[in-house]
Amino acid sequence: MDIRLGNGFDVHAFGPGDHVTLCGVDVPHSHGLVGHSDADVAMHTVTDAIYGALAKGDIGQHFPPSDPQWKGAESAIFLRHAVDLASKMGFQITNIDCTLICEFPKIGPHADAMRKRMARIMGLDEARISVKATTSEKLGFTGRGEGIACIATAALVKP
């Protein structure tokens, strides 16, 4: 049996807007997130965790931010690509653990919807997706309310 773990990390700064998109869910907020695509920091992080487990680079190698076709793109495209690549390589994704790091918006009220959305995109049971949050105790750029960071781990198995 081939068991692999991959880690992902991403950050996006706050900018103009009235919501942030996290795990494919639009969360009302006083700011948006800045990025070339829809700036879904959580989905980008999970995508990178899967690529990492597969030793297939990172999201920027597969979907370069310099390529105008990805401007404003829905991050589900990137995640689906990573999931499909894992399948083509003979791997099953056994679980995802995703932690958003921010002072606001509050993630708890939206975590179930985020898990459901990620599970649908990935074709996994909801029980295999964890979405949670923590603060940075008002330290650093997340603590100052300048943006959101995210870390994720993906576990893959090839029988």
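Is Cys23 buried or exposed, and what is its relative accessible area? In this predicted model, local features require a pLDDT of at least 70 and side-chain atom pairs count only at pLDDT 80 or more, whereas totals for chains, interfaces and linings use all residues. Residues are numbered from 1 along each chain as its sequence is written, and side-chain values use heavy atoms, with hydrogens and water left out.

Cys23 is buried, with a relative accessible area of 0%; buried denotes under 20% relative accessible area, exposed over 50%, and partly exposed the range in between, for a 1.4 Å probe and protein chains only. Cys23 lies in the loop between β2 and β3, where helices (H or I, at least four residues) and strands (E, at least two) are DSSP runs numbered from the N terminus. Although Cys23 is not a glycine, its phi is positive, at about 55°. Glu137 likewise is not a glycine and has a positive phi of about 55°. Glu137 is placed in the loop between β6 and α5 (140–143) and is exposed, with a relative accessible area of 63%.

Helix α3 (residues 76–88) and helix α4 (residues 111–122) have axes that come within 9 Å and cross at roughly 50°. Axes are lines fitted to C-alpha atoms, for helices over the stretch in contact, and angles run from 0 to 180 degrees between N-to-C directions. The two helices are therefore oblique to each other, a class left over once angles under 35 degrees are taken as roughly parallel, over 145 as roughly antiparallel and 65 to 115 as roughly perpendicular. Ala76, Leu79, Arg80 and Val83 of α3 meet Arg117, Met118, Ile121 and Met122 of α4, contact being defined as heavy atoms within 4.5 Å.

Leu79, in helix α3, is buried, with a relative accessible area of 0%. Beyond residues up to four places away in sequence, Leu79 touches Met43, Val46, Thr47, Ile50, Met118, Ile121 and Met122.

In α4, the buried residues are Ala111, Met114, Arg115, Met118, Ala119, Ile121 and Met122. They cover an arc of only 165° around the axis, which puts them on the same side of α4; the arc is that of the directions from the helix axis to the C-beta atoms. The elements covering these buried residues include β2 (19–22), β3 (25–28), α1 (41–54), α3, β5 (92–101) and β6 (129–134). Just after α4, Gly123 adopts a positive phi of about 70°.

In the loop between β5 and α4 lies Pro105, and the peptide bond from Phe104 to Pro105 is cis, with omega near 0°.
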